[in-house]
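Let's take a look at a protein model together. Have the sequence and the 3D view ready, and we'll go from one spot to the bigger picture.

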Number of protein chains: 2
Amino acid sequence: MAGKVAARRAALRDNLIDIAERTIAGDGLAALRARDLAAEAGCAVGAIYNVFGDLTDLVLSVNARTFQRLGADVAEALADAPQDPVEQLVIMAQAYHRFAAQNHNSWRALFEVERAPGEDAPDWYLHEMGQLFAYISDPLAVIFPSRSPEDLALLTRALFSSVHGIVLLGLDQASSGVPTSDIDRMIGLVLRQLTASSEKN
Amino acid sequence: MAGKVAARRAALRDNLIDIAERTIAGDGLAALRARDLAAEAGCAVGAIYNVFGDLTDLVLSVNARTFQRLGADVAEALADAPQDPVEQLVIMAQAYHRFAAQNHNSWRALFEVERAPGEDAPDWYLHEMGQLFAYISDPLAVIFPSRSPEDLALLTRALFSSVHGIVLLGLDQASSGVPTSDIDRMIGLVLRQLTASSEKN
């Protein structure tokens, strides 16, 4: 009996993540409502909170899937990239741009999760994000072999944040007609200049 | 009579912008609702739409004030900066960070305005943004005298977007305990490296 209950619970969990994933992809995070979810899953609203502590937990589960899809895209781009670490960074950043453009609402939801002030994301979530950061820090360690791990971690965050800002504002402008090819040009410009061998602090 | 009507209309307009400015600063753009605005202004909901085409028009008017305050802060930081164009960029970017941290909701609202797809912001709004961009492109033109105006414009956008991304993700992380001093370190790192004299494309 316990096995049956657990299996039903797991099935409901997967089903709710599927529905939330479609809702976020189609209409954005703001469109996610417990009542609509329950109606589509054919369960009571209370049943959602039996499976997830709150809607934020559910969104984090959707985001974990998005991180995994993003990671797979980046890995695929990297597989075809030349051995040059700077080119690897550029190609990964362009893959990031492509993913963001093609999965706009799901990608935005990665950065729109509401957390209580001072509350951290769960460990498994930070682990997912950390895996993506490793894609960046590996080539950076090759480019800057003499930097300390602490410096490399800061540079990794700075570089990711810069690319993120370019993609974010670039896609916003693209919705009012600015060509998206500028985004890849800006990515190339910033990354090649950032990784130029003349190291500065 | 016509003068009185126009004066009343102008007073209501200013009052609505004041109220919307306070609401956005205190509770964020998502908290702005026509019914609440009308109640606080002591007018009918319809009266709002006599003065502003829609709530987006009202938000743009609030954002124009925010741009002007941001511009004043940047100009003040620049007044005390050394003549070195790289240091000027760093000091302005740090002023941008400070403004964003101290005016978090108002600053976010600058980038959260909903526009119909393909619809551009009004000319006067783009003009306000353009003025801020001139603060960046002026020192860049000194640093890169041989770049074409088109290249400089792209570099200006890339540089602003990079700083914006660092501040945006940095302040998000700061809410879960990551020190904000890292933000200024990342800004310095990125800007000094981006403007390193070895020009690359």
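Let's start with B:N63: its relative accessibility is 0%, and since anything under 20% counts as buried, this residue is buried. Keep in mind that we're looking at a predicted model here.

Where does B:N63 sit in its chain? You'll find B:N63 in helix α4 of chain B, which covers residues 55-79. And which residues does B:N63 touch, leaving out those up to four places away in sequence? Its contacts are B:S106, B:A109, B:L110, B:V113 and B:Y125.

Now over to chain A. Its secondary structure is made of 9 helices and 0 strands, so if you walk along from the N terminus, you read α-α-α-α-α-α-α-α-α. Here are some overall values for this chain:

| Chain A property | Value |
|---|---|
| Box filled by the C-alpha atoms, along the principal axes | roughly 65 × 40 × 35 Å |
| Buried share of the 201 residues | 46% |
| Accessible surface | about 9700 Å² |
| Part of that surface belonging to carbon and sulfur atoms | 52% |

What about contacts along chain A? Taking those with a separation of 6 or more, 70% link residues 24 or more positions apart. As for charges, chain A has 17 positive and 26 negative ones, and their mean positions lie 5 Å apart.

One stretch of chain A also carries a label: an unreviewed UniProt entry lists residues 33-52 as "DNA-binding region". In the model, that stretch is 75% helix and 0% strand, and its end C-alpha atoms are 14 Å apart.

Conventions
Residues numbered from 1 in each chain as written. Chains lettered and ligands numbered in written order. Predicted model: local features only at pLDDT ≥ 70, side-chain atom pairs only at ≥ 80, totals over all residues. Heavy atoms only, no water. Helix = DSSP H or I, 4+ residues; strand = E, 2+ residues; numbered from the N terminus. Buried < 20%, exposed > 50% of the residue type's maximum accessible area, 1.4 Å probe, protein only. Contact = heavy atoms within 4.5 Å. Areas by Shrake-Rupley, 256 points an atom, 1.4 Å probe, with all protein chains shown as cover. Lys, Arg positive; Asp, Glu negative; His and termini not counted. Charge placed at Lys NZ, Arg CZ, Asp CG, Glu CD. UniProt positions renumbered as here; feature names shortened; annotations may be inferred.
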